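Please read the numbered points beside the model.

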Amino acid sequence: MTENRYSRRAFLNRVGWLATLGSFGGLTAASARYMFPNVLYEPPKEFKIGTIDNYPEGVDFLADRRIFVVREQNHIKVVSAVCTHLGCTLNWVAERNQWECPCHGSVFNQKGVVIKGPARRPLPWYEVSLTPAGRLLVDERRIVPYTETLSVKT
Amino acid sequence: MKIRNILIRNPIWESIVRKEHRPSEWIQTKTLGLGLINLFLFAILTVTGILLMFYYVPDTEKAYQSLKDLEYVISFGMILRNMHRWSAYLMIVSVFLHFSRAFYMGEYQKPRQFNWVIGMLMLLCVLGMGNTGYFLPWDQKSYWGITILSNVISAVPVIGEQLKYLVLGGTEVGQNILTRAFDMHVKVFPLVLGLLMGIHFWRIRIDDGLAELIPPQGRTTAASVNNPGGNDPQGQTAVGWSDIITRESSKCLLILAIVMGMSLLFNAPLEEVATPSVTPNPAKAPWFFLDLQEMLSWGPPFWWAIVVPGVAVPFLMLIPYLDPGRTGSGQWFHPSRRVQNILFTAFVTVMIGLIVIGKFMRGPGWVFYWPWQPWPSP
């Protein structure tokens with residue numbers, strides 16, 4: 001019977017291999033997970049951009065936030081200034097009434113819709129609300145349709 | 001003569017060349033010696049790179065400042081940075097020529113298939129080093145290069161966003177990607193490339209030297225030539241190799257002179273400090289990636305930056321296993337390899353053409369301009 005028994009040597013051998021592979025597997029998985037940071041020290045996605053009086057009629061570029069603030073009389077809209085193709089910062093070209101991308105030549109009309117590729121997705125419009133103190137609050141996590149505007153009494 | 005003997009007749013060289021075939025006319029005149037040029041450029045890059053690292057700080061606030069210090073404050077900093085940049089450019093060119101040479105001579109044919117694969121991996125390493133090196137100065141080119149690259153990565157199906165998060169170490173271009181690029185550039189890529197270089201050289205020995213037209217049984221070995229009578233007369237050993245070593249050493253000195261000359265005459269470019277709100281118009285990738293950027297302007301990044309390179313690179317890598325031809329190895333443009341050579345030339349011409357178009361014929365908004373056409377003022 002002894003020869004059919006699972007021998008101590010075979011058992012320890014298997015345990016040894018499992019422990020070795022387990023250690024390397026675990027270390028590999030842990031190192032892979034390690035590469036994905038849990039806390040990001042990045043600018044917040046929700047921020048205040050002053051009052052409507054800061055923005056004259058038309059399209060204004062907010063450099064440090066990479067957004068455009070569009071004012072039409074007392075209506076305020078905020079759109080991303082990041083090209084949906086590969087993330088370059090768009091330029092507003094007032095004489096042609098459109099956004100143009102310096103990198104690969106994408107063009108967006110004043111509704112943020114692509115009128116010339118290579119970009120394919122429209123520009124996202126961000127939700128704007130008013131804080132109790134009357135400041136404009138932009139939330140980049142909330143994408144709204146182009147038609148949605150914030151009316152501010154001036 | 002004494003010093004020459006120490007240089008050439010020492011155990012290191014002898015252990016390398018001991019069993020090597022007698023160097024024929026062929027090796028001296030036909031292979032161009034590009035491999036050794038690459039090795040030497042890698043040595044220049046290692047030395048200058050280590051020196052640059054003594055001052056460079058991989059911090060988004062300080063990196064650009066340390067570059068300015070290297071240029072204007074630190075003695076010979078500018079020269080060392082120039083040498084690092086120009087020898088990197090030369091290395092990319094010379095790696096590419098080495099790769100073309102190996103193709104046009106059918107060097108990848110049996111039994112040397114695997115060394116071609118190693119070579120392709122090394123080519124990818126060199127491009128990876130070039131790319132991560134471009135991120136380090138944290139100027140406009142770095143910033144927008146990373147931005148475009150990270151968005152290309154996010155076009156990978158299913159795992160694109162996670163992959164972008166992994167590369168950037170976050171959701172935005174910032175400190176984490178600079179740290180990661182630095183780590184890859186100065187540690188991971190050089191280590192991997194060094195390891196692959198070792199395998200590459202070792203495989204040459206394993207694969208019976210380089211491809212030659214001489215049938216194997218007709219070859220004379222170094223030992224039988226250098227040591228015909230079985231004894232070793234003083235000064236007679238490895239005469240053929242001593243010629244090659246002298247030749248190649250002078251070639252290395254010439255390369256060094258070229259790199260130094262270029263570094264004295266031309267300064268490595270440095271753009272303005274990285275500014276997220278302003279994308280330079282046009283924003284161009286480093287020249288060796290302009291073929292990819294040109295293709296990116298044609299359509300969705302998924303097709304032009306993921307699928308096309310994702311098919312082309314493995315295809316190039318597997319050429320030795322896909323091309324069943326067994327003739328013409330060791331000869332330039334052998335007639336039996338006409339189809340292969342035409343296809344390869346077409347591929348290379350398109351790539352170089354795209355780089356030239358991207359470099360000289362793309363203006364603001366990636367609009368086509370002839371090189372002599374003025375760009376509209378903004």
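Predicted model: local features only at pLDDT ≥ 70, side-chain atom pairs only at ≥ 80, totals over all residues.

1. Contact between the chains joins 23 residues of chain A to 30 residues of chain B, where contact means heavy atoms within 4.5 Å. About 2,100 Å² is buried between chain A and chain B, and carbon and sulfur atoms give 59% of this area. Buried area is the accessible area (1.4 Å probe) that two parts lose on being put together, summed over both. On the side of chain A, Leu86(A), Pro102(A) and His104(A) lose the most area to chain B, together 26% of what that side buries.

2. Residues are numbered from 1 along each chain as its sequence is written, and chains are lettered from A and ligands numbered from 1 in the order in which they are written.

3. How many salt bridges are counted between chain A and chain B? The count is 1, a salt bridge being a side-chain nitrogen of Lys or Arg within 4 Å of a carboxyl oxygen of Asp or Glu. Lys45(A) pairs in this way with Glu172(B), and the closest N and O atoms are 3.2 Å apart.

4. Chain B has 16 helices and 0 strands; helices (H or I, at least four residues) and strands (E, at least two) are DSSP runs, numbered from the N terminus. Of the 378 residues in chain B, 46% are buried, that is, under 20% relative accessible area, with exposed meaning over 50% and partly exposed in between (1.4 Å probe, protein chains only). Among contacts in chain B between residues at least 6 apart in sequence, 78% join residues at least 24 apart.

5. The bond from Lys110(B) to Pro111(B) is cis, with omega near 5°. Pro111(B) lies in the loop between helix H6 (77-104) and helix H7 (113-135) of chain B. Most peptide bonds are trans.

6. In chain A, E2(A) and E3(A) run antiparallel and are joined by 5 bridges; two strands pair if DSSP finds at least two bridges between them. Leu62(A) has Ile67(A) in E3(A) as its bridge partner. This hairpin has 4 residues between the strands, and Arg66(A) there takes a positive phi near 55°. Arg66(A) counts as buried because its relative accessibility is 15%.

7. E3(A) also runs antiparallel to strand E4 (residues 75-80) of chain A, to which 6 bridges join it. Phe68(A) is partnered by Val79(A) in E4(A). The hairpin of E3(A) and E4(A) has 2 residues between the strands, and Gln73(A) in the turn has a positive phi of about 50°. E3(A) is mostly covered, with 5 of its 6 residues buried.

Methods. Heavy atoms only, no water.
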